[in-house]
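Work through the salt-bridge exercises below. Each has a worked solution.

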Amino acid sequence: MSHGIPRSTTTSHDNKSEAAKAKERKQIENYKALEKDVTERIQAQDFTNPTFQLTSTLLAQNPEYYTIWNHRRLLLQHVFAQELASNNGPPSNTTSQEPAHDASTTTTTTPPSNTQKKDTTLSPAQREISLLINEDLTFLLPLLKQYPKCYWIWNHRSWLLSRTSRHLPASASLTFWQAELSLIGKMLALDSRNFHGWGYRRIVVQEIERLSSRGEEEGGGSMVEAEFEYTTKMIHTNLSNFSAWHYRGTLIPRLLSSRAASSSARQDFFDDELALITQALYTDPYDQSLWFYHQFLMSTLDASNPQAGVILDPVDDGVRRRYLEQELESVREMVEGAEDCKYVYQALLEYARRLREVGGTVGREEMRGWLRELRGLDPLREGRWMDLEGKLGL
Amino acid sequence: MSLAAGPGRAGTISDQLPDELRLVVDKHVSYIQSLDTRRDELEYHLTEHLRISGIYWGLTALHLLHHPSALPREGIVAFVLSCLHPNDGFGAAPGHDAHMLYTVSAVQILAMTDGFAELEDSVPNGKRKVAEYIAGLQQPNGTFAGDDWGETDTRFLYGALNALSLLNMLPSQRPNEPPLIDIKAATDHVKSCLNHDGGFGVSPGAESHAGQIFTCLGALSITGELDSFLGESGKDRLGAWLSERQLDDSGGFNGRPMKLVDVCYSWWVGSSLAMIGKLDWIDRERLKGFILRCQDAEEGGMADRPGDMVDVFHTCFGVAGLSLLGCEGVGAVDAA
Ligand SMILES: [Zn+2]
């Protein structure tokens, strides 16, 4: 699959010069030889450092080669098991009560800064595992920067982190996961829509919560407030941040329940969020990400939506009418200066339909007018507007 | 088969007027036929980890273009069988590890080429064993892992159901035998990926994405719960989200709001719209024009966008999009 590879000035293979063809032949030879070398070593269970280095070379050339990532994990797994089985290995139970080991006897390389602090609580085997994982995470960094959409790199990172949870004491593992969270923060600052990045962030946050809630009160490790704060920061950096708005929405129900928010606190929260997004919409009604969040907020009033955000609680038709009327009024005011913005008319028609469903009234003529504007602005979706006309009985 | 990009490039928007565009069937056929002859290119070798899927994409395009025999059947079936791993899953190429994605491609190819008998010949009880490999990847929460390393994704879940259905091994297809998978847990997982905007994400809470919507609708459609689960208002919400994927400047679809158009979404979005009966909510002619502009009219093949390098993946899904829309020279396709 090639995505977004622009037409280049290089011509097709047949038109390449003899020299270029010879060079390519050589590259293919080297690549196939390297591949063969790695494969044969793994088949022979040669789980040594040279084999490990060869997988690095091959993966740097071709990070999509999933089988080689598997080989790399087999090798690491083997080394971890050996470390743990050796005499230096800790009993698999409580690692935090282990006596401190002398780092100088086992550590030949400089310990990574993010594990240094906790080093004394690790057994020699754990320290070795921690070093190996840290080195591998470092190996992945430039690859991740070069191929931010390569599924297998994210996959391997996530496996490495899961090994810290399995083999290291919670406090040491937590350091790894927290470093990972800050790395993802940096990646999302560069590309705020990276799908893998957001998905991975959810996994990392879950794991940090799990590890840090151990032995504490339930909910003691919850990061929902911090993550909500993070989306606020992202949005203030750039309002047009679709994925951040989405993430914010998914956090809200948990946020409110962790605050044990009363009905009136929920209403205050809802009012604040509406004010935030309305302000943004007045600035740029052409921005889809803002409408997306407005719709999310309004879903709390939609009894027919099984995935409606739980914000207001309880919600009755009186509450629904009041908010739908208020928001309709506010969107009506957006028309001025944005007469050619189809999202405004879509919102008006949607909220008008729902207001009528809960017993409110909106003039049929006014709705017909909105639909007329919408059809003029958005002829691509004429079929949809025709259905809507029928559904609304206009 | 090579997955290397090129050699051709898709036309640019200004090259031709849309009404002069025609589907260059013969050129696409010879483009797909030429793919396996490119072993002297490095890119051919760098894409070996996708080989079996590449064959599936090429073969699908050929079937839709009414040239199902343009690739040699015997060679294809033999290649597929050579990808079978000792654990009864398929890898992307001989020697590559087994993975759900390539096992699904293998099963799809064997179904298309009537090759299940050969599978049984080379491995006694082969269909059953492959089905057991797939079933073995189901997780306690209903979702499916891609391989023994455990990463899960709704793509794998849909692939599993799709392949089991082709193998005739779904619980509903064998009512008198113990079920190989927990179909209810799988369906429940799909349902938990639904978002307030009507779309589905890769896992619960993940942003809606056209590719994931396709896989979730496909899964629900296989289990027969698509209509009952979504209901009218659910279909309206999802139809609205999907129809907004068509962009006015090009007529093509993107996969998420505020992203670039890409010809492969002609299929992911288009077939999703078809599955919920809302293909009329977009402008078919504009979409068709976009797909045709992604062709390389001289050397065959389609690119993600006009002006980019062609490849077999986009050729397959561009052609499948045309098939959905009804286009001369292209056969009909089943949306799921
Ligand atoms: Zn694509």
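This is a predicted model: local features need pLDDT of at least 70, side-chain atom pairs count only at pLDDT 80 or more; totals for chains, interfaces and linings use all residues.

**Exercise 1.** State how many salt bridges the structure holds over all chains.

*Solution.* The total over all chains is 48.

**Exercise 2.** Examine Arg248(A) and Glu273(A): which parts does the pair tie together?

*Solution.* Start with the contact. The two side chains form a salt bridge, with N to O at 2.9 Å. Now place the partners. Arg248(A) sits in helix α11 of chain A (residues 242-258), and Glu273(A) in helix α12 of chain A (residues 263-283), so the bridge ties together parts 25 residues apart in sequence. Finish with burial. Both Arg248(A) and Glu273(A) are buried.

**Exercise 3.** Locate Lys391(A) and Asp236(B), and say what their pairing joins.

*Solution.* First, the distance. Their side chains meet in a salt bridge of 2.6 Å, N to O. Next, the elements. Lys391(A) belongs to helix α17 of chain A (residues 382-392), while Asp236(B) belongs to helix α11 of chain B (residues 226-243); the pair therefore joins two chains. Lys391(A) has a relative accessible area of 47% and is partly exposed.

**Exercise 4.** Classify Arg174(B) as buried or exposed. Then classify Glu177(B).

*Solution.* The two residues form a salt bridge, their closest N and O atoms 2.8 Å apart. Apply the cut-off: buried means under 20% relative accessible area. Arg174(B) is at 7%, so Arg174(B) is buried. Glu177(B) is at 43%, which makes Glu177(B) partly exposed.

**Exercise 5.** Which residues do salt bridges with shared partners join into one network?

*Solution.* From chain A, take Asp302(A), Glu350(A), Arg353(A), Arg354(A) and Glu357(A).

Key
Residues are numbered from 1 along each chain as its sequence is written. Chains are lettered from A and ligands numbered from 1 in the order in which they are written. Side-chain values use heavy atoms; hydrogens and water are left out. A salt bridge is a side-chain nitrogen of Lys or Arg within 4 Å of a carboxyl oxygen of Asp or Glu. Helices (H or I, at least four residues) and strands (E, at least two) are DSSP runs, numbered from the N terminus. Buried means under 20% relative accessible area, exposed over 50%, partly exposed in between (1.4 Å probe, protein chains only).
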